[in-house]
Amino acid sequence: MREVYPGDNSLLNLADEAETGVEYIETGKAPYYLEFRKLLYRLLLATKRANDLRVFDEGGLDVGVKAGKFWFGSTLREYTASSGNTLADDKANIYIYINSAGTLVITEYTAFPDPDTFHIRLAEVTTSGGDITAIVDKRGTELFTQPITGGNCADYGSSGGVSVIFKAALTAGSTVQIHNANVPYKYRILDAWSVARSADAGTWKLTDGTNDITDAVAVTATDKTIDRAGTIDDAYHEIAASGSLSVVGDGSLADVEVYVLAIRVS
């Protein structure tokens with residue numbers, strides 16, 4: 001389907017494009033080559049940001065990535081342009097993205113990371129016969145920022161701070177990783193409780209992957225019952241950025257929703 005443009009007379013009478021402010025070449029303006037260069041310059045200024053972090057074909061199996069900036073939580077980071085990134089041949093899906101450390105990642109073995117894991121998607125590339133056959137731009141809605149659970153919470157200060165609640169659904173005493181070496185910022189555990197979704201008993205506790213944060217919470221064998229952690233170990237209740245947090249069930253039949261109250265700390 002073709003796009004409909006304004007009529008000829010309307011186009012000739014336009015002085016500039018209202019949204020971007022880019023000026024058109026006036027009818028009869030001379031010398032034309034100079035006016036045309038001015039128009040190109042104005043267009044390049046208007047579209048400059050669209051070039052940030054763009055993946056482009058360098059010939060053969062090499063791609064380059066333009067420089068650009070992005071936010072990681074409250075930290076503005078900058079990726080320096082790179083070139084000569086050689087891709088594997090004869091691959092239908094090669095995923096190119098930037099991770100939380102600001103490092104370019106190229107993988108043909110898996111998909112992009114889960115949306116809950118911070119990353120900036122750049123492109124999906126196809127290769128065949130020693131050449132790049134397609135580059136699909138994936139920057140889309142993720143060029144400038146990436147959603148982070150609770151990412152707007154301010155650090156705890158002398159007068160308090162904004163808290164966040166994490167949730168984990170345990171089925172039949174399962175173990176659920178709320179964060180797996182991808183905590184977006186340092187936070188402190190303030191409370192943890194569960195709401196029973198069945199009449200089955202069991203226990204659960206919070207761990208950082210190595211140490212127990214809470215005691216083992218006994219789940220009352222009554223649907224809709226709330227059970228709360230009795231103790232929180234202040235030696236392990238702070239989880240560092242890029243750390244882990246898990247709700248560990250005892251493997252019995254208890255079905256519960258576990259809620260973890262935390263606050264961001266510096």
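Hi everyone. Let me start with a definition: two strands count as paired if DSSP finds at least two bridges between them. Keep that in mind as we look at this chain, which is a predicted model.

First, the overall picture. The chain has 2 helices and 18 strands. Its C-alpha trace spans about 85 × 50 × 40 Å along the principal axes. The radius of gyration is 27 Å, whereas a compact globule of 266 residues would come out near 18 Å. Of those 266 residues, 35% are buried. If we take contacts with a separation of 6 or more, 61% of them join residues 24 or more positions apart. As for the surface, the chain exposes about 15,300 Å², and carbon and sulfur atoms supply 51% of that.

Now back to pairing. Which strand does β8 pair with? Strand β8, residues 119-128, pairs with strand β9, residues 131-137, in the antiparallel sense over 6 bridges. Within this pair, V125 stands opposite I135 in β9. The two strands form a hairpin with 2 residues between them, and G129 in the turn has a positive phi of about 60°.

Y5, L11, L14 and Y24 make a nonpolar patch of about 390 Å². Where does Y24 sit? Y24 lies in the loop between α1 (8-13) and α2 (32-47).

How values were computed:
Residues are numbered from 1 along each chain as its sequence is written. This is a predicted model: local features need pLDDT of at least 70, side-chain atom pairs count only at pLDDT 80 or more; totals for chains, interfaces and linings use all residues. Side-chain values use heavy atoms; hydrogens and water are left out. Helices (H or I, at least four residues) and strands (E, at least two) are DSSP runs, numbered from the N terminus. Patches are made of residues with over 30% relative accessible area and no salt bridge: like charges are joined within 9 Å, nonpolar side chains (Val, Leu, Ile, Met, Phe, Trp, Tyr) within 5 Å. Accessible areas come from the Shrake-Rupley method with a 1.4 Å probe; for residues, only the protein chains shown count as cover. A salt bridge is a side-chain nitrogen of Lys or Arg within 4 Å of a carboxyl oxygen of Asp or Glu. The radius of gyration is taken over C-alpha atoms; the globule rule is 2.2 Å times the number of residues to the power 0.38. Buried means under 20% relative accessible area, exposed over 50%, partly exposed in between (1.4 Å probe, protein chains only). Contact means heavy atoms within 4.5 Å.
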